[in-house]
Amino acid sequence: MDGVELEILWSNLVGIVDERAKALQRIAFSPVVREAGDLAVALFDRRGRMVAQANTGTPGHINSLAIAGAHLVRRFDNRIVPGDVLITNDPWLSAGHFFDITLLTPVFYRDRIVAYVGSNIHHTDIGGYGVGAGARDIHEEGLWIPPVKFYERGRMNPTLKAIIRHNVRTPDQVFGDLAAQTASGKNCGDRLVTLCERNALADFEQLSREIIDRSEQATRNAIRELPAGTWHGESTFDIPGGELITLHAAVTIDNKAGEVLIDFAGSSPKSRHGVNVVLNYTHAYSTFAIRSCLNPDLPNNAGSLAPIKISAPKDCIVNAQYPSPVSARHVVGMYVPMPILKALYHVVPDRVLAESAGAVWSLQIQGQDFRGQALTSSLVSFSGGMGGRRTKPGPSATSYPTGVAGYQIEALEASMPIEFFQRQLRRGSGGQGASVGGDGQVVSFSMISGKPWLMNMVTSRTKDGAEGLAGGEPGKPGQFTVNGKVMSSAVKMLMEPDDLVVMETPGGGGYGRRE
């Protein structure tokens, strides 16, 4: 296949999955998907290798989806017929906690499977504890859906439908989002069949093999241009409840094989709180860190991910084993790039950034609305500042590394009885340096239902700020208060009507010494 033909077909593939991801975001019921873009859509070949992904999405979802798709294809090999749709939210097979549900739709062309369309989105509720760090094991965190058929020969699995409906607090929203995922997968598959017909392709195999092989070779060639050796980085931060977590990464570059090996030996052991990270999610953010510094313009698929290898001791904080609680795994998982970037500073100092605020601060509310009906909010997230870069300041109030968009507070006020009093940049919270770190933000609100309510608040980096790099100064740590009292709780909090909640998110570290 010549380069011109490949480029035309590649741009068509990206257009197909990108369009479907944007449509999925528009029709989703959950605000965390519709407003913040907490989703991923990708196209797989018949062997379960990710070929193309949508531009919309987070690294945690996209790169975990690459692993989940391969798992599901292997599980159901030779047991799939037209009209089937596969589903799972198994944390160790997909995206690391129950809220992220993966759907995989087979694409049939000329009476055989030629590809799969996968999607993964964060659902409003999955029963159990909610989005928080307070559960003591995985079984307290909600409904566990093993790899099964959600649709069989075009008909929704009635048993699974009943199980889901009776185990979640917001069944209409959950099934609305599942319907959006199902429709997106079918439409994307139809577009791929049209592409094959229009270009007289016998199947998808030659095109997918060409894309994956070229992506892998280009990634290995980029790695071969780097010096060989092993470099270390370490990041320490606090999580809800005050526990300190350390992530240690040894980054080894093998410029003969064209591979990067990342080993997390020396990181903290698993936590008793629900912030533990499965290896899939660690892999997702590790590969993101390497790819963003190495060759961000190349396609992100099975080929470009293959040369990056991840290892971590069993039952450390970033390789949690069953039955570790994992609901708030993003609290630790979003710090995974930090020690990797510190190690890469010694290799490509112009491509890294100083430590950022880290994980987004996440909030979920349970209670009653004005009519006295049960209320469970979607996940609501607020970002801090990014670290400074060698030649540019860090962006303020930016969700890095996750990339989710900020919520419009007007949309939140329209969806539940909440009133926001303040949302503004936290000026001066970014670390000083030749390039200053980005500022965090200040957010304050109260619930106005007049009834007691429950709050899951997941914060981090409230003791020490994000470290500067190359002589840059640290950013300011965050602060979370209720009625003026500093809080750091790993468990769900019982709140009174009109309690005032104030979040001051951390700033990013500065890069380079200030002149």
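Okay, housekeeping. Residues are numbered from 1 along each chain as its sequence is written, and side-chain values use heavy atoms, with hydrogens and water left out. Since the model is predicted, local features need pLDDT of at least 70 and side-chain atom pairs count only at pLDDT 80 or more, while totals for chains, interfaces and linings use all residues.

Helices first. How do H1 and H5 cross? The axes of H1, residues 3-27, and H5, residues 171-198, come within 9 Å and cross at roughly 160°. That makes H1 roughly antiparallel to H5 (the label is for angles over 145 degrees). Axes here are lines fitted to C-alpha atoms over the stretch in contact, with angles from 0 to 180 degrees between N-to-C directions. Helices are DSSP runs of H or I, at least four residues, and strands are E runs of at least two, numbered from the N terminus.

Who touches whom? On the H1 side you've got Leu9, Leu13 and Arg20 among others, and H5 brings residues including Ala180, Cys188 and Arg191; contact means heavy atoms within 4.5 Å. The contact residues divide into 10 nonpolar, 4 polar and 4 charged.

Now the strands. E3 (85-88) pairs with E6 (148-152) in the antiparallel sense over 3 bridges, and pairing takes at least two DSSP bridges. In that pair, Ile87 stands opposite Val148. E6 also pairs antiparallel with E7 (155-156), over 2 bridges, and there Tyr151 sits opposite Met156. E6 and E7 form a hairpin with 2 residues between them, and Arg153 in the turn has a positive phi of about 55°.

How values were computed: Parallel < 35°, antiparallel > 145°, perpendicular 65-115°, else oblique. Nonpolar A, V, L, I, M, F, W, Y, C, P; charged D, E, K, R; others polar.
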